[in-house]
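My entries follow in the order I made them.

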Amino acid sequence: MAYSDKVIDHYNNPRNVGQLDKSSESVGTGLVGAPECGDVMRLQIRVNPETQVIEEAKFKTFGCGSAIASSSLATEWVKGKTVSEAMEIKNTDIVKELSLPPVKIHCSVLAEDAIRAAIGDWKKKNAVGEAAAVAAN
Amino acid sequence: MQSHVQNSTASDGEQTYFDMFSLPRKLTIDTAALERGFYKLSRQLHPDLYARKSAAEQAWSLRQSSLLNDAYRTLKDPVARTAYLLKLEGMRMEDENTENRDPRAKQNRVPADLLEEVFELNMQLEEMRANLKMGEDDPALRGDLERAQVQFKAMLTSLDEDLRRAWAAWDAAMDASDDAAKNEQKDAMVAMLDRRSYLRNLLREVDGVLTWQGAVGEKANI
């Protein structure tokens, strides 16, 4: 099975690889994994507390090319979005963008889970419930 | 009889591997009986017996033989047997190559501390690989990995002991028709098999790096 050009591009030139300060108030960290293939994915976001815009996103993934490409794309997509906009990103969007074959769909699911986990972590740190998020608007 | 089987080729859902060998859905099985059953059924399906039969019947015997082989291999291996039983019992045991999977299935199934551990070890492995590529061998890093190797082997051993206890508990729950106990064991076994997959993957990579000969590629499985 061949990887799509977009997967190969993200694999060879992954965007936003790295790490943000996990202990920072404005940083949310999501760590997710798929035991069957041994993949682990860490995705981090830095959120502007005033605007709730994700200003920075970093990832580090141990896994196959599709897992790396999915998380690389996820960091590109969340940057510049508000937290609630980022929650709208679906794994199926990643599948479409990267032309992932059915056997690699779980990589996109992992990336979506990572986004949600990172946002969840940030919300927990900042005590942002749904009500508080609405009040802030 | 045979035409009936032919009509249901696509779905082998009606007869489980356990049914094929007339075994109960238990995790401690009589391996001698399994083997006897396998040889007996294999003889009955031997292609020579079908040499003069119609093409359809020959094809049927071939399909049955391959099904029988799958069943035997699965039940013979205790871990594969466990994964198969959990799948039969409606638990989601995804493997990477299953196409018709429900992508939402296993969200948040992996415990956070295991993920942290796996992530950290992968970081060390990566560093060690990078060093080795540069022709350096950092003794401190190598020491860390060797300790990790010992630790992960011990974890695997103790996990397998837990698994054996879970098999006994499952079988007892089956005998007692205790659904609550069965469900408890099912959840526990899914978690154990997940952990086992991670540990085995990690161990394989640690072994690979520690026995590095310069020819081992980076992890980039297609």
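**Entry 1**

I began in chain B, with the contact between helix 5 and helix 7. From helix 5 of chain B, the residues taking part are B:Pro78, B:Val79, B:Thr82 and B:Leu85. They meet B:Leu163, B:Trp167 and B:Trp170 in helix 7 of chain B. I sorted the residues of this contact by type: six are nonpolar, one is polar and none is charged. I note that the model is predicted.

Next I looked up the geometry. The axes of helix 5 and helix 7 of chain B come within 12 Å and cross at roughly 50°. That angle makes helix 5 of chain B oblique to helix 7 of chain B. The crossing of these two helices is left-handed.

**Entry 2: what is hidden in helix 5**

Which residues of helix 5 of chain B are buried? Helix 5 covers residues 78-88, and I wrote down B:Arg81, B:Thr82, B:Tyr84, B:Leu85 and B:Leu86. Then I asked what covers these buried residues of helix 5 of chain B. The cover includes helix 2 (17-20), helix 3 (31-44) and helix 4 (55-76) of chain B. Helix 7 and helix 8 of chain B are also included.

I also checked what comes after the helix. B:Gly90 follows helix 5 of chain B, and its phi is positive, near 85°.

**Entry 3: helix 7 against helix 8**

Here I stayed with helix 7 of chain B, residues 139-175, and turned to helix 8 of chain B, residues 179-210. Their axes come within 9 Å and cross at roughly 155°. An angle over 145 degrees counts as roughly antiparallel. Helix 7 and helix 8 of chain B are therefore roughly antiparallel to each other. Their crossing is left-handed. The residues of this contact between helix 7 and helix 8 of chain B include 22 nonpolar ones, two polar ones and eleven charged ones.

**Entry 4: two residues of chain B**

I picked B:Phe18, which sits in helix 2 of chain B. Is B:Phe18 buried or exposed? B:Phe18 has 0% relative accessibility, so it counts as buried. I then listed its contacts, leaving out residues up to four places away in sequence. B:Phe18 touches B:Leu23, B:Pro24, B:Arg25 and B:Lys26, among others. Its contacts also include B:Leu75, B:Arg81, B:Tyr84, B:Leu85 and B:Leu88. Of these, B:Arg81, B:Tyr84 and B:Leu85 are among the buried residues of helix 5 of chain B. I looked up one distance as well: B:Phe18 and B:Ile29 are eleven residues apart in sequence and 9.9 Å apart from C-alpha to C-alpha.

B:Leu86 is a buried residue of helix 5 of chain B. B:Trp170 belongs to helix 7 of chain B.

**Entry 5: chain B overall**

How many helices does chain B have? I counted eight helices and zero strands. Chain B has 222 residues, and 38% of them count as buried. Among its contacts with a separation of 6 or more, 68% involve residues 24 or more positions apart. The accessible surface of chain B comes to about 12800 Å², and 50% of it belongs to carbon and sulfur atoms.

**Entry 6: chain A**

I moved to chain A and found six helices and three strands. From the N terminus on, the order is α-β-β-β-α-α-α-α-α. Chain A has 137 residues, and 55% of them are buried. Among contacts in chain A between residues at least 6 apart in sequence, 63% join residues at least 24 apart. Chain A exposes about 5700 Å², with 52% supplied by carbon and sulfur atoms.

A:Lys125 is partly exposed, because its relative accessible area is 27%. Leaving out residues up to four places away in sequence, A:Lys125 touches A:Lys22, A:Ser23, A:Ser24, A:Glu25 and A:Val27. I also checked A:Gly28, which is 97 residues from A:Lys125 along the chain. The C-alpha atoms of A:Lys125 and A:Gly28 are separated by 7.9 Å.

Terms used: Residues numbered from 1 in each chain as written. Chains lettered and ligands numbered in written order. Predicted model: local features only at pLDDT ≥ 70, side-chain atom pairs only at ≥ 80, totals over all residues. Heavy atoms only, no water. Axes fitted to C-alpha atoms, helices over the stretch in contact; angles between N-to-C directions. Helix = DSSP H or I, 4+ residues; strand = E, 2+ residues; numbered from the N terminus. Parallel < 35°, antiparallel > 145°, perpendicular 65-115°, else oblique. Left-handed = near helix turned anticlockwise from the far one by under 90°. Nonpolar A, V, L, I, M, F, W, Y, C, P; charged D, E, K, R; others polar. Buried < 20%, exposed > 50% of the residue type's maximum accessible area, 1.4 Å probe, protein only. Contact = heavy atoms within 4.5 Å. Areas by Shrake-Rupley, 256 points an atom, 1.4 Å probe, with all protein chains shown as cover.
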